[in-house]
Amino acid sequence: MNATIPTRAGTTSPPERLTADRVTKSLLGYGVIAGPVFVVASVTQGLLREGFDLSRHAWSQLALGGPGWIQVTNFVVVGLMVVAAAVGLRRALGSGPAATWSPRLLAAFGVSLLVAGAFRVDPAGGFPADLPQATGISGPATVHLLAGAVGFGSLAAAVLVLARRLAGEGFRRLALACRVVGPAFLVGFVAMASGLLGAAGVPVFAIAVVCVFVLLSAVFVHRYRVMPNTDGR
């Protein structure tokens, strides 16, 4: 019996650390598309919604007003995708470093998106123009922001934990990307939420969101490729 199994990435791994079932592959696929779905849906709405300014208004505000159900759906669908991807990651990692905590932290991020979809932020910055602008922060908005803080922190931690596994397997570039993008993303969120960057906070965080979702897609593509090549595909 072979001690290792060849993978699509041209590497070999111990059998106990890998799975090759189709369910796992499908679940990993959700991790590839979750980020692009969220970003494309948010940016498209931002361009089409009257009065919405991508340079000033947070994507969460798209959940407000009549067409707000679209962004709520975006949060919920992508949240479910991320949870499914976390299950797939747990199955794909099998055992070893990051096999337990990286999927758990990623699932926590997915749940935070579901909560963010259920609890909306307050109207602010003139959007939506037909709703009274907030003078304080409401209960639902507080829950939304707390969900973001927990979820974004969990996402940053998930990729940092996974970096150890990637480095140990010899994928040092992807591990380095996790170690750089994860903390940078969290710093971007804190800077926006605290108002540290002023008007630049929203676009800076939007860029950080795009970067971390690109990283997440890359991680799941990579994980698919290092699964056993046992089905001839």
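Q: In which loop is A98 found?
A: A98 is found in the loop between α2 (68-93) and α3, where helices are DSSP runs of H or I of at least four residues, strands are runs of E of at least two, and numbering starts from the N terminus. This is a predicted model, in which local features need pLDDT of at least 70 and side-chain atom pairs count only at pLDDT 80 or more, while totals for chains, interfaces and linings use all residues. Residues are numbered from 1 along each chain as its sequence is written, and side-chain values use heavy atoms, with hydrogens and water left out.

Q: Why is A98 called buried?
A: Buried means under 20% relative accessible area, exposed means over 50%, and partly exposed lies in between, with a 1.4 Å probe and protein chains only. A98 has 12% relative accessibility and therefore counts as buried. The backbone of A98 also has a positive phi of about 75°, although A98 is not a glycine.

Q: What makes H222 buried, and what is H222 in contact with?
A: The relative accessible area of H222 is 8%, and therefore H222 is buried. H222 lies in helix α6, and, leaving aside neighbours within four places in sequence, it is in contact (heavy atoms within 4.5 Å) with L166, E169, F171 and L174.

Q: Which peptide bond is cis?
A: The peptide bond from F127 to P128 is cis, with omega near -15°. P128 is found in the loop between α3 (101-118) and α4 (139-168).

Q: How many helices and strands does the chain have?
A: The chain has 6 helices and 2 strands, and from the N terminus on these elements run β-β-α-α-α-α-α-α. Of the 233 residues, 42% count as buried. Among contacts between residues at least 6 apart in sequence, 70% join residues at least 24 apart.

Q: How many cavities of 30 Å³ or more are there by this rule, and what makes a space a cavity?
A: On a 1 Å grid over the protein atoms alone, a cavity is a set of points where a 1.4 Å probe fits but cannot get out, whereas a pocket is an open set with protein on both sides within 12 Å along at least five of seven lines; lining residues have an atom within 4 Å of a point. By this rule the count comes to 1 cavity of 30 Å³ or more. About 60 Å³ of space lies in the largest cavity, where volume is the space filled by probe spheres set on the points, and points are joined across faces, edges and corners.

Q: What volume does the largest pocket have?
A: The largest pocket has a volume of about 880 Å³. Its lining has 41 residues, of which A58, S60, V121, L145 and M192 lie nearest its centre. These lining residues divide into 27 nonpolar, 12 polar and 2 charged.

Q: Where in the chain is confidence lowest, and where highest?
A: On the pLDDT scale, which gives the predictor's confidence in each residue from 0 to 100, confidence is lowest in strand β1 (residues 5-6), at a mean of 52, and highest in α3, at 97. The mean for the chain is 89, and 89% of its residues reach 70 or more. Where pLDDT is low, the predicted coordinates should not be read in detail.

Conventions:
Ala, Val, Leu, Ile, Met, Phe, Trp, Tyr, Cys and Pro count as nonpolar, Asp, Glu, Lys and Arg as charged, and the others, Gly among them, as polar.
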